[in-house]
Structure formats: C-alpha cells, structure tokens
Amino acid sequence: MGTLSIVTSTESKSHCQPSHQIFRLTNYILLGASSSCIFLTLSLRLIPSLYGGLFILLHVLTIAGVVPGCTDTATLAGSNNCYAIHMVATVLTAIFQGSSAVLIFTKSYDFLRELKSYVREENGVAILKLIGGLSILIFFLQWVVLIVAFVLRYNAFVEGNNGSNSKQNETLKGCPGPIQV
C-alpha cells in the first residue's frame with residue numbers, strides 16, 4: 001500500500017513578504033464587511049428608495065475594489081494601470097464609506113426616513129448603527145489597504161531594477177494564491 005506523507009510548506013511561505021499577507025488579509029476582511037453591509041442594508045428593505053439603491057451600490061463598488069487585492073497582488077504591485085485604478089477606487093469608496101458612517105451616527109432617524117425603510121424605526125436605527133460600525137471598520141481598513149498597496153508598489157519598484165520584475169516574481173512564487181474551488 002502507499003504511504004501518506006505530510007509536506008509542510010514552511011520553505012515556500014518564508015519567501016512571501018508580510019506586506020502581501022497583510023494586504024490579502026485586509027482585503028478579505030473588507031470583502032466580508034462589505035457583503036455584511038449589503039445584507040444588513042437589504043434587511044432594511046430599501047430597494048424602492050433611490051438612496052437605498054445608492055447605499056447598496058456603494059458597498060458593491062467597495063467589493064469591486066477589494067476583489068483585485070484578494071486575487072492577485074503581483075499584478076497590482078507590478079502594473080501601473082491596476083495600481084492607479086485600485087488606489088483611486090479605494091480612496092473614493094473610503095471617503096464615501098466614512099461620510100455615510102458619520103451621517104448614520106449623527107442623524108440616524110433622519111437618514112432612516114430618507115431611505116424610506118419599511119422596518120420599525122427602533123429596529124431600523126439599530127440596523128443602521130450596525131451598518132455604521134461596519135462602515136467605520138471599512139473606512140479604516142481601506143486606508144490600511146492603501147498604505148500596504150503603496151508599500152507593495154514601492155517594493156516592486158525597488159526590486160524591479162529598471163522595469164524588470166524578476167526578483168518580484170521569484171518572491172511571489174512562494175506566496176499562497178487565491179483559494180480555488
């Protein structure tokens with residue numbers, strides 16, 4: 001019979017930079033928080049409202065900005081276009097997430113009336129406070145993602161040696177890739 005052997009990949013993980021791991025972990029947390037905000041917003045039954053649709057669109061745009069960071073950090077660190085698009089999208093969604101969180105916490109009842117929710121006011125405000133807390137988390141994590149993306153880009157530039165990313169590609173070979181089903 002065959003034998004079962006366990007192969008540890010400590011050798012391949014030692015080459016992966018901690019900034020890549022932080023970047024991916026933060027993006028995964030952002031993905032979970034944004035999708036949670038969508039489900040909480042849908043629980044307020046806001047679909048007929050224009051502001052409710054825009055609020056959901058904000059979280060969808062946040063998810064769209066996070067997905068490239070979850071899939072391939074090498075492309076983001078090496079490509080000028082991907083990096084610029086990611087930075088602009090992250091800054092804009094962070095600003096809107098922060099402003100919506102401030103609006104939620106300062107004028108919860110007015111904001112709920114403007115959203116035209118069909119949920120009782122007390123329950124709606126409680127759900128809005130949860131969404132506001134997640135929006136604050138998203139706001140701060142997006143700034144962490146921006147800082148780490150800058151560090152990754154700087155490392156790719158330093159290791160690139162005049163546009164050649166051979167060292168970066170060697171470094172990223174040992175990094176764990178996206179989860180595939």
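Visitor: What makes the crossing in which H5 passes H7 a left-handed one?

Guide: In this predicted model, H5 passes H7 in a left-handed crossing, a term used when the near helix is turned anticlockwise from the far one by less than a right angle, with clockwise giving right-handed. By class, the contact of H5 with H7 has 17 nonpolar, eleven polar and two charged residues.

Visitor: Why is H5 called roughly antiparallel to H7?

Guide: The axes of helix H5 (residues 80–106) and helix H7 (residues 121–160) come within 8 Å and cross at roughly 155°. Angles over 145 degrees count as roughly antiparallel, under 35 as roughly parallel, 65 to 115 as roughly perpendicular and the rest as oblique, and therefore H5 is roughly antiparallel to H7.

Visitor: Why is Cys 37 called buried?

Guide: Cys 37, whose place is in helix H2 (residues 18–43), has a relative accessible area of 0%. Buried means under 20% relative accessible area, exposed over 50% and partly exposed in between, with a 1.4 Å probe and protein chains only, so Cys 37 is buried.

Visitor: Which residues does Cys 37 touch, not counting residues up to four places away in sequence?

Guide: Cys 37 touches His 59, Ile 131, Leu 134, Ser 135 and Ile 138 on that basis, where contact means heavy atoms within 4.5 Å. Cys 37 and Ser 135 are 98 residues apart in sequence, yet 7.7 Å apart in space, C-alpha to C-alpha.

Visitor: What rules apply to residue numbers and atoms here?

Guide: Residues are numbered from 1 along each chain as its sequence is written, and side-chain values use heavy atoms, leaving out hydrogens and water. Local features need pLDDT of at least 70 and side-chain atom pairs count only at pLDDT 80 or more, whereas totals for chains, interfaces and linings use all residues.

Methods:
Axes fitted to C-alpha atoms, helices over the stretch in contact; angles between N-to-C directions. Helix = DSSP H or I, 4+ residues; strand = E, 2+ residues; numbered from the N terminus. Nonpolar A, V, L, I, M, F, W, Y, C, P; charged D, E, K, R; others polar.
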